[in-house]
Amino acid sequence: MRLTTPSVILAASLLLLLAGFAGAGCSAQDPQNTLAAVGHVARKQQELFWTIFWWAVGVFVVVEGLLLFIVVRFRQRPGQPEPAQVHGNTRLELAWTVAPTLVLASIAVPTVASIFDLADTPAVALRVTVTGHQWWWEFQYPDLAVVTANEMHLPVGEAVDLTLESADVIHSFWVPKLAGKQDAIPGSQRKMWLRAAEGPGEFYAQCAELCGIQHANMKFRVKVQSRDDFNRWVRDQRTAPGEPTGEEARGRQVFANPANQCIACHTIDGVPGAAGKTGPSLTHFGGRSTLAAGMLDNNADRNPLNTNLARWLRNPDEVKPGNIMAERFKQAGIRLSDADISALVVYLQSLK
Ligand code: CUA
């Protein structure tokens with residue numbers, strides 16, 4: 001193949017365009033940017049990434065530079081005699097054996113050191129058990145008797161000791177700014193730890209292992225708070241909701257009605273029979289900023305029927321096709337009336 005000037009320019013432009021697209025994902029403002037690390041674990045991983053990246057750049061420049069130099073310098077010219085034929089060159093062979101060994105050693109030493117450093121969970125750490133479900137996240141705080149879903153609250157600057165589990169298939173727990181991903185595997189427990197060094201703030205997170213049709217919508221949020229705010233949140237979580245009145249009480253009736261099947265899958269403390277574990281606990285649903293695993297804002301509206309929650313209750317399959325609630329609704333032929341949906345929204349959003 002002959003390299004013509006237009007084809008070289010075309011190839012170079014395409015490469016630049018591609019690099020531009022790839023680079024566009026690296027803005028520091030992006031909520032899931034791994035290169036905007038916060039906290040010891042993520043920083044350590046990011047440092048390691050840059051170390052390896054710059055070594056790779058060096059190798060690329062040297063190898064490709066030499067290649068281009070040789071292609072140009074020793075190209076065939078008309079009338080040129082055949083070059084001298086050689087076999088073996090001890091100095092060259094030594095050089096290209098020793099140089100990569102040194103490069104690999106320069107990568108191996110910080111890599112192994114980081115692995116050992118990050119394997120040590122700090123002795124004092126907040127314990128959280130994370131369970132992946134199709135398609136939402138459950139967070140249990142075993143020392144605090146708190147269970148919540150899709151929004152993990154953490155105190156700023158403190159180490160968090162995470163135990164990862166799965167209720168069904170393999171998921172992967174990933175808070176890009178706080179730590180690298182780790183799989184959540186059914187029938188086994190995996191450990192990781194992290195520390196959110198900055199706060200208060202909110203971190204976007206995502207399941208990172210293909211786990212079914214709604215994998216992309218298996219998101220969650222990490223809410224980093226001051227110690228005082230975190231303690232307040234824990235206290236609220238441990239307080240069962242009060243006795244509802246009016247429209248809220250009607251919503252609770254709709255929820256507790258076995259024909260609607262809510263209580264088969266969801267827990268709300270204080271509602272008789274509502275101890276289901278298939279779906280998220282809704283005891284403090286009103287305190288969450290999102291629903292359907294980070295898909296929709298848990299927004300309020302003067303007309304409850306205009307909220308995202310109403311949209312979800314009306315037809316969960318339209319919001320998140322394939323989810324278990326939609327399947328249950330279909331199988332049992334459940335279609336909530338507008339009046340029931342409205343009351344449910346008022347009741348669920350009152351559960352702060
Ligand atoms: Cu869970 Cu992907």
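Which side chain does arginine 252 meet in a salt bridge? Select arginine 252 and glutamate 243: their side chains pair up at 3.5 Å, N to O. Keep in mind as you click around that this is a predicted model.

Now color that pair by accessibility. Arginine 252 has a relative accessible area of 19%, so it counts as buried, the cut-off being under 20%.

Next, select arginine 250 and aspartate 340. Their side chains form a salt bridge too, at 3.3 Å, N to O. This one links distant parts of the chain: arginine 250 sits in helix α5 (residues 246-256) and aspartate 340 in helix α10 (residues 338-350), 90 residues apart. Arginine 250 is partly exposed, with a relative accessible area of 32%.

While you're at it, select Glu151, Glu202, Arg221 and Lys223 together. Salt bridges with shared partners join these four into one network.

Last stop: glutamate 158 and arginine 227. Show the side chains and you'll find a salt bridge at 2.9 Å, N to O. Glutamate 158 lies in the loop between β4 (151-155) and β5 (159-166), while arginine 227 belongs to helix α4 (residues 227-238), so this pair ties together parts 69 residues apart in sequence. Both ends are partly exposed: glutamate 158 has a relative accessible area of 26%, and arginine 227 has 35%.

Key: Residues are numbered from 1 along each chain as its sequence is written. This is a predicted model: local features need pLDDT of at least 70, side-chain atom pairs count only at pLDDT 80 or more; totals for chains, interfaces and linings use all residues. Side-chain values use heavy atoms; hydrogens and water are left out. Helices (H or I, at least four residues) and strands (E, at least two) are DSSP runs, numbered from the N terminus. Buried means under 20% relative accessible area, exposed over 50%, partly exposed in between (1.4 Å probe, protein chains only).
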